[in-house]
Amino acid sequence: MRRIVAWCLGNRPVVILFAIVLMGAGIFSIFRLNQELLPSIDFPSVFIVTGDPGANPAVIDRDVSIPISNALNGLPHAQHVFATSSQSFSQVQVQFNVDSNTKDDLDAVNQRLSQVQLPAGAGKPLVQTFSFSAAPSIIYSLGAADGNLSRATLEAQTVIAPALQGAQGAAQVKVVGGEQSAITITLDPTRLAARGLATFQVVQALQSVQVDLPAGESLNGDRVVPVQVLSALHSAADLRAVPVGTSQLGPPSIATLGDVATVQEAPAPVNGISRTDGLPSLSIQVIRDPNGNAISLSNDIYSRVAALHLDPSDRLTLIEDSATGIRASLNDLLLEGLLGALFAIFAIFLFLRSLRATLVTAVSLPTSVLVALLGTAIGGFSLNILTLAGLTIAVGRIIDDAIVVLENSYRHLQKGEPPRLAALNGASEVSKAVISSTLTTVAVFLPIALVGGIISKFFVPFSITVTISLLASLLVALTLIPVLVSFFLERRAAPVEGRRDWSHRVYQPVLGWALSSRLSKAAVVLAAGLLFALAVGVVASPLVAKNFFDFGSTTQLAGQVTLPPGTTTQETSQQLKRFETVAAADPSVKLVQVTVASSDYGGYSAGFETNQARLLLLVKDKRQATAVVSRLQQKLNELYGVGSGQLQIASFGPGSNRFEARASGQNDQALRQASDLIVAKLQQDSELSDVQSDLATAKPQLSVDVDPKKASAHGLSPRVVAQVVAQALSPMSLGNLGGGGPPVSLRLDPASVTVDRLGELPLAPGAALKDVATITNQTAPNSINRRDGTRLVAVSAVINGTDTSGISQRATALVQSVPLPAGVKLDTGGTSEEINQSFQSMFLAIGIAVAIVFIILVIFFRSVITPFVILVSMPLALIGGIAALLVTRSALGLPALLGVLMVFGIVVSNAILLIDFAERARETQPTHAALLLAGATRLRPILMTAVATVVALLPVAVGLSTSGGGGLISQSLAVVVVGGLITSTVFTLVVVPVVYSLIARRGRVGAIAAMPDFDVEAPRDRAV
């Protein structure tokens, strides 16, 4: 390494030019980095949604869900197949191993689906996956203040969407919902019967009247002319004049559609009903290209919206913009990072008392960060809250290598060496320690990529960003820092003989006492062991809350209201107006949006229930979100009954605060009984709210049992009867008028097929439904759920509190105490399962990291004993880390565990500095004297690096600004690092020398002349 440093000092302009080029490239890369809220991650699940209009849950389950589930069982990497059958919809989810390839999974699912035979009435299965990049980046709501949503829809489709298409980074612009003109043909059964006509005759007439077919070719001389046969209708009046048959009763006459039906053209919802602040509305969604920049897209969309000239009655409102969170996180982390860097530089100045030396050290900060950004861009990663958090946290460690090199060079300057020689000796002397400490810090992040799972998906970008910045700091410390030392620093006067600063006056007597006898050594080791055991005990106890992933609060509240089964879309919409009025009157609420019967869920499509409404509220200040949820949840309970409405703060990250217990079995009655017992038991816990079962209250159902003999007597079959009933109850789509006009649907007058009049439905001349079938009232499930083919019931609850793990464990114990009916099996999941799996992965990563660090240390020190002593500093870091979580009341989640991993790498660096010096000092001195000398000599760089790192992370640890999610991620991480570094620094300076003295052999090897780079004065005579 000495040769490399010497080459750099001999080619100083080249080194400086290279550093400037790297910094320039880093600045350039900032403008090319994609900026997004979270990494673009595909979740390992494939969703299949299949519609079958009019089919009840039992039929959907039998004819659609089970065939699809059976076909998808046994797919490679598939873990479970979940199926939900509800009215008119089947939803099947194939859950794959988290590390599987989404594209391969999708291909495998499509291949299996191509072999499935579904009923004729079922639509084509919609196959989709979900990723953060597929979710809308920007959502606008367009409300119609004049109530004319059809006009607003046309404007959205012809003015707004085209204007937003082509925005920088936009992949798609969707108009969701709204109204369009539609023609409804309502057949009058009385008028049909008066003319002796049946519904199927009208259907046949309407299907045959519109023709647009190529009929072939005709000759025109020696040329071929294609022939197209057309017969198109263009208006409702044309429809009314369509002949539908010859009257069979009375004098023969041609009956037109107008004679037997009402033809009406009126606005109709396109995809459910939506209202924003009480106005009928639709949404305009902008989907970002996976390689697009969210902030650039946002800026472009804003400028395009500002240039729009809309109808005065339009109310265009921004509902969501992911760039807002990115900007907030960027500002938060930038502020905290800059403050941390300034604090670190000031701390260095207090130690060195030299402005030039301080500025030389500070150069490593911008250089390393810019190189990290360059590496992030080259690696294809985006600038998101995780990579930003990594850079902010790394600020505290980046400067350490430069401090060590500079401090050692500064010491040589104080000994009278010229700047260039001092730079050479100072950098070369600590190069081994600096390289090994940096590599061990980097090595702790390597297992993040090895353990797989959600840990790797989310934290690999974080780890790579930190790794690049640390490697850049190492390069800067061993190349650029010596060059700058030789340029800007001068010889220093040697310190006054025998003069020691306060840190040495405190530390050296303590270290001397600790090394003085076996009793004192045993006392030190025992005290450290007891503190470590206490820290482990605190972690295992409820004193430290444990959760999965906490992104903190947002301004968005999301919820759902479920009305009694069978409630129509219109009735659900009407009843929700009461809540809209109450919510809009809340002074902390900025916007209220209600959506009913829509299949659009942002990043994907799914089925819906007509008795359910989705709620979206925006609050003015996210700090008021919890209070608003509490107030409005109470209003929901008052308006719709306890358990019918749920409202909570929206979450945009992985994991959740939900507990889930699942019961499986084959007996429906036993499952319902188990569901009721579990719900009642969970409701006893005051920290669980919104306890509900997905086994909804059974809804009423009419059963029409056709008698084949009676049907045959009237010339009918059970299938024909079923088709007539289906046509009478379900509107039939007849395509679009004129091919491109409004959609046309045919239905029987709803007033003629009410429950009390359904038996009068005419089937054929002289035959009604009651003549060939028995109609009975029954109850049927509102939905049917299966997992891997077995009936499944899920009971979920919202966890109120930061200790999600502790509450989940308590809820699990409650559920397991329930006496379940025979044949019912139970398992729990939700947050508890996610926490356990993630913690296991993180503990595995920590174990692998320790092993890798040990291997690196063995390679550098060519010893097994010395690395073992250095590793003693790792558990000592846990003492402070756990204490910091306890004092700040922070939860132990994935970011905090990542902080444990990071502090392991940092604290090892200090131990390496100390032991590396002691190892070489032992060549000329006894172990006791070598340890005293190492402690005295390395005290200042160890304190400098520790203090610089701690003060650099303080703005992050105290949560100086957390308007974005990134601050919250890095906050718990920084708390662990700060606490762990404070205690580990103290213990490293005392416990590590004690352990080393107990293990290492004593003796004198070589001569003083063999160590020209070491100052071997007795510790008491040194002055630093």
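In this predicted model, arginine 62 is exposed, with a relative accessibility of 53%, and its salt-bridge partner is aspartate 63, the closest N and O atoms of the two being 2.8 Å apart. Aspartate 63, at 23% relative accessibility, counts as partly exposed. The structure holds 22 salt bridges, and several others can be described in the same terms. The side chains of arginine 631 and aspartate 586 meet in one of them, at 2.9 Å from N to O. Because arginine 631 belongs to helix α21 (residues 625-640) whereas aspartate 586 sits in the loop between α20 (569-585) and β17 (589-596), this pair ties together parts that are 45 residues apart in sequence. Arginine 631 is partly exposed, with a relative accessible area of 35%, while aspartate 586, at 9%, counts as buried. In a further salt bridge, the side chains of arginine 623 and aspartate 621 meet at 2.8 Å, N to O; here arginine 623 is exposed at 72% relative accessible area, and aspartate 621 is partly exposed at 22%. Salt bridges also link Asp146, Arg151, Glu155, Asp311 and Asp314 in a network.

The surface also carries a nonpolar patch, formed by Phe346, Phe349, Leu350, Leu355 and Leu359, which together have about 500 Å² of accessible area. Helices α11 (322-352) and α12 (355-362) each supply at least two residues of this patch, and the largest share, three residues, comes from α11. Phenylalanine 349, which lies in α11, is partly exposed, with a relative accessible area of 31%.

Turning to the strands, β29 (residues 790-799) is largely enclosed by the rest of the structure, because nine of its 10 residues are buried. Strands of a sheet pair through backbone hydrogen bonds, in either a parallel or an antiparallel manner. Strand β20 (residues 658-665) pairs with β29 in the antiparallel sense over eight bridges, and within this pairing alanine 663 has valine 793 of β29 as its bridge partner. The pairing of β21 (residues 688-693) with β29 is likewise antiparallel and extends over four bridges, with serine 693 standing opposite valine 795 in β29. Strand β28 (residues 783-787) runs antiparallel to β29 and is joined to it by two bridges, arginine 786 having arginine 791 of β29 as its bridge partner. β28 and β29 form a hairpin with two residues between them, and aspartate 788 in the turn has a positive phi of about 55°.

Strand β7 (residues 179-187) pairs with β12 in the antiparallel sense over nine bridges, and threonine 184 stands opposite glutamine 264 in β12.

Arginine 240, in helix α8 (residues 236-240), is partly exposed, with a relative accessible area of 37%. When residues up to four places away in sequence are not counted, arginine 240 touches Thr256, Leu257, Gly258 and Val263. Arginine 240 and alanine 813 are separated by 573 residues in sequence and by 67 Å in space, taken from C-alpha to C-alpha.

Key
Residues numbered from 1 in each chain as written. Predicted model: local features only at pLDDT ≥ 70, side-chain atom pairs only at ≥ 80, totals over all residues. Heavy atoms only, no water. Patch = residues over 30% accessible without salt bridge, like charges linked within 9 Å, V, L, I, M, F, W, Y side chains within 5 Å. Areas by Shrake-Rupley, 256 points an atom, 1.4 Å probe, with all protein chains shown as cover. Salt bridge = Lys/Arg side-chain N within 4 Å of Asp/Glu carboxyl O. Buried < 20%, exposed > 50% of the residue type's maximum accessible area, 1.4 Å probe, protein only. Pairing = 2+ DSSP bridges. Contact = heavy atoms within 4.5 Å.
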